Amino acid sequence: MTLLPVFVGLVVGWVALRGLLAHPLLPWWVRTAVFWSAPLGVLTWFVIMTADDPFLFPETAPCPGEPMREGVIGGGEVSGISTPFPPRAYCLWEDGTVYDLAPGAEFLFWVFFALTSVPLATGLLHALREPKSLLR
């Protein structure tokens, strides 16, 4: 049953892409925006998901193990947290202090998400309104 939503998502995505490419009123740059914004959105998502990982240089971890000075950022133990959707990476201290690690990347993700989903929704709407246009 897990594969059923994946299959339905792939079919809907394929129909939306075909409808987008067959839409006669959209300019070429809107149609091609999906092809560069989707990979950039995925790349931005990977940057956000790995923002809290200290595996490369543990001494310069984004969420320091001990506070630099008492009261500078937070107090107590710290943990790096990433949430897949909506994508967010942050450090959380015991006292409740939260420090966002990639706010610029989060903004870019939402820009790329909108640049991908809005044209695909337009293509899906076109495919549902005029299914014969997909046959060419």
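**Strands, helices and side-chain pairs in a predicted model**

Biologist: What phi does Gly96 take in the hairpin of β2 and β3?

Modeller: Gly96 takes a positive phi near 95 degrees, and that hairpin has four residues between its strands. Please keep in mind that this is a predicted model.

Biologist: How do β2 and β3 pair, and over how many bridges?

Modeller: The two strands are antiparallel, with three bridges between them. Within this pairing, Cys91 stands opposite Tyr99 in β3.

Biologist: And which residues make up β1, and how does that strand run relative to β2?

Modeller: Strand β1 covers residues 78-83 and runs antiparallel to β2, with six bridges joining them. A hairpin of four residues connects β1 to β2.

Biologist: Which residue stands opposite Gly80?

Modeller: That is Cys91 in β2.

Biologist: Let me step back. What is the order of the elements from the N terminus on?

Modeller: The order is α-α-β-β-β-α, which comes to three helices and three strands.

Biologist: What share of the residues counts as buried?

Modeller: Of the 136 residues, 28% are counted as buried. The accessible surface comes to about 9,200 Å², and 72% of that belongs to carbon and sulfur atoms.

Biologist: Now to charges. How many salt bridges does a search of the whole structure find?

Modeller: The search finds one. Asp100 pairs with Arg88, and their closest N and O atoms are 3.0 Å apart. The pair links distant parts of the chain: Asp100 belongs to strand β3 (residues 98-100) and Arg88 to strand β2 (residues 88-93), 12 residues apart.

Biologist: Is Asp100 buried, exposed or partly exposed?

Modeller: Asp100 is partly exposed, because its relative accessible area is 32%. Arg88 also counts as partly exposed, at 30% relative accessibility.

Biologist: Turning to the helices, where does Thr116 lie?

Modeller: Thr116 lies in helix α3, which spans residues 103-129. Thr116 counts as buried because its relative accessibility is 15%, and the limit for buried is under 20%.

Biologist: Which residues does Thr116 touch, leaving aside those up to four places away in sequence?

Modeller: Thr116 touches Val34, Ser37 and Ala38. With Ser37 there is also a polar contact of 3.0 Å between the side chains.

Biologist: What about Leu128, is that residue buried or exposed?

Modeller: Leu128, which is also placed in helix α3, is exposed, with a relative accessible area of 63%.

Biologist: How far apart are the C-alpha atoms of Leu128 and Gly19?

Modeller: The two C-alpha atoms are separated by 8.3 Å, although Leu128 and Gly19 are 109 residues apart along the chain.

Biologist: One last topic. Which residues make the nonpolar surface patch?

Modeller: The patch is made by Met1, Leu4, Phe7, Val8, Val11 and Val12, and covers about 620 Å². One of these residues, Val11, lies in helix α1, residues 3-22.

Biologist: How accessible is Val11?

Modeller: Val11 has a relative accessibility of 39%, so this residue counts as partly exposed.

Terms used. Residues numbered from 1 in each chain as written. Predicted model: local features only at pLDDT ≥ 70, side-chain atom pairs only at ≥ 80, totals over all residues. Heavy atoms only, no water. Salt bridge = Lys/Arg side-chain N within 4 Å of Asp/Glu carboxyl O. Buried < 20%, exposed > 50% of the residue type's maximum accessible area, 1.4 Å probe, protein only. Pairing = 2+ DSSP bridges. Patch = residues over 30% accessible without salt bridge, like charges linked within 9 Å, V, L, I, M, F, W, Y side chains within 5 Å. Areas by Shrake-Rupley, 256 points an atom, 1.4 Å probe, with all protein chains shown as cover. Polar contact = N/O pair within 3.5 Å; in protein donor to acceptor, adjacent residues only side chain to side chain. Contact = heavy atoms within 4.5 Å.
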